[in-house]
Amino acid sequence: MKILVTGAGGQLGTVLTTSLKEKYGKNAVIASDIVKIDGYEGIFELLDATDEASLTKIVAAHNVTEIYHLAAILSANGEKNPIQTWDVNLKSLFNVLQVSVNQKIEKVFFPSSIAVYGPTAPKIDTKQDAYLDPTTVYGISKAAGEHWAQYYFLRYGLDVRSIRYPGVVGYQSLPGGGTTDYAVDIYHKAINNEDFTCYLREDACLPMIYIEDAIRATLEIMEAPKSQIKVRTSYNLAGVSFTPKEITASILKWYPDFKVVYTPDFRQNIADSWPASINDNPARKDWNWKPNYDLEAMTKEMITQLQKQE
Ligand code: AKB
């Protein structure tokens, strides 16, 4: 087994590559990113995933059997340059899908997002098959990507598996350019005894997930028998939903003097277009998904882990 991870230096990639190395061995994982990852221990390749020739070369050189394609531009950054975001997110996916068919890759993982939903989907308990009308270029690229993943499965039998992640909250790495990033930044400010300026309204409820649950879900969907993967676009995944006010209240139990001011910016419009909570029944039924962390458990872990890093 040889696993290539693209975007290995990102928020999810940093933690996922570590888990994959722990599970399958250091030599089974090839981390790649468009820039070098400082202090990375293990096999690393510089890779611009939009460059098909480089991807082909790396896959062949390492006899890669599985690809986790994490490289992408997220929602908030995506709005700064929509066409470039579409190009990066889709071109890299096409390359991964096509190289996988050409080189007979066994399994591919493609992360989608709750950003595939837009204003028409119900806000609460949004179901797997709710209407998709994303209003961000990131969401449009993920919705299209999911359908391309399904196309490659139906047309070429490529075993592509996918999860619609909520906002991921973790202590190991910082997110970059997302709308849900505030839920990570807020903990860093609290443990440094600084005030936090929140770019969302205090009542902006969004679906989130603790990193440990997000990584476990990724490993579980990839390990499930092929016959259990019934959704070939992407599975809804729920962890915990909360507002900035609620996460602040949970932090105040640890840091009673912590202060948050609210100055909503363009990211509030993005948040307004997304669900507040997600129904993930198909993931629970098909591959036994179940989250472990609620808000209080997440806050406890975030704070104790970040304090250790001080
Ligand atoms: C973002 O905020 O863009 C991401 C996501 C929800 O996919 N964290």
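On a 1 Å grid over the protein atoms alone, a cavity is a set of points where a 1.4 Å probe fits but cannot get out, a pocket is an open set with protein on both sides within 12 Å along at least five of seven lines, and lining residues have an atom within 4 Å of a point. The model is predicted, and local features need pLDDT of at least 70, side-chain atom pairs count only at pLDDT 80 or more, and totals for chains, interfaces and linings use all residues. Residues are numbered from 1 along each chain as its sequence is written, and side-chain values use heavy atoms, with hydrogens and water left out.

**Ligand site**

- The ligand takes up the space of the largest pocket, where sitting in a pocket requires more than half of the molecule's atoms to lie within 2 Å of its grid points.
- Among the residues around the ligand are Leu74, Ser113, Ile114, Gly178 and Trp274, each with a heavy atom within 4 Å of the ligand.
- Oxygen atoms of the ligand lie 2.5 Å from a side-chain N or O atom of Ser75 and 2.7 Å from one of Tyr138, while a polar side-chain atom of Thr180 is 2.9 Å from a ligand nitrogen; a polar contact is a pair of N or O atoms within 3.5 Å.

- The lining of the largest cavity consists of His69, Ala71, Ala72, Asn89, Leu90, Ser92, Leu93, Phe110, Ser141 and Lys142.
- Two or more of these lining residues come from each of α4 (82-102) and α5 (137-156), helices being DSSP runs of H or I with at least four residues.
- The largest share, four residues, belongs to α4.

Technical notes: Polar contact = N/O pair within 3.5 Å; in protein donor to acceptor, adjacent residues only side chain to side chain.
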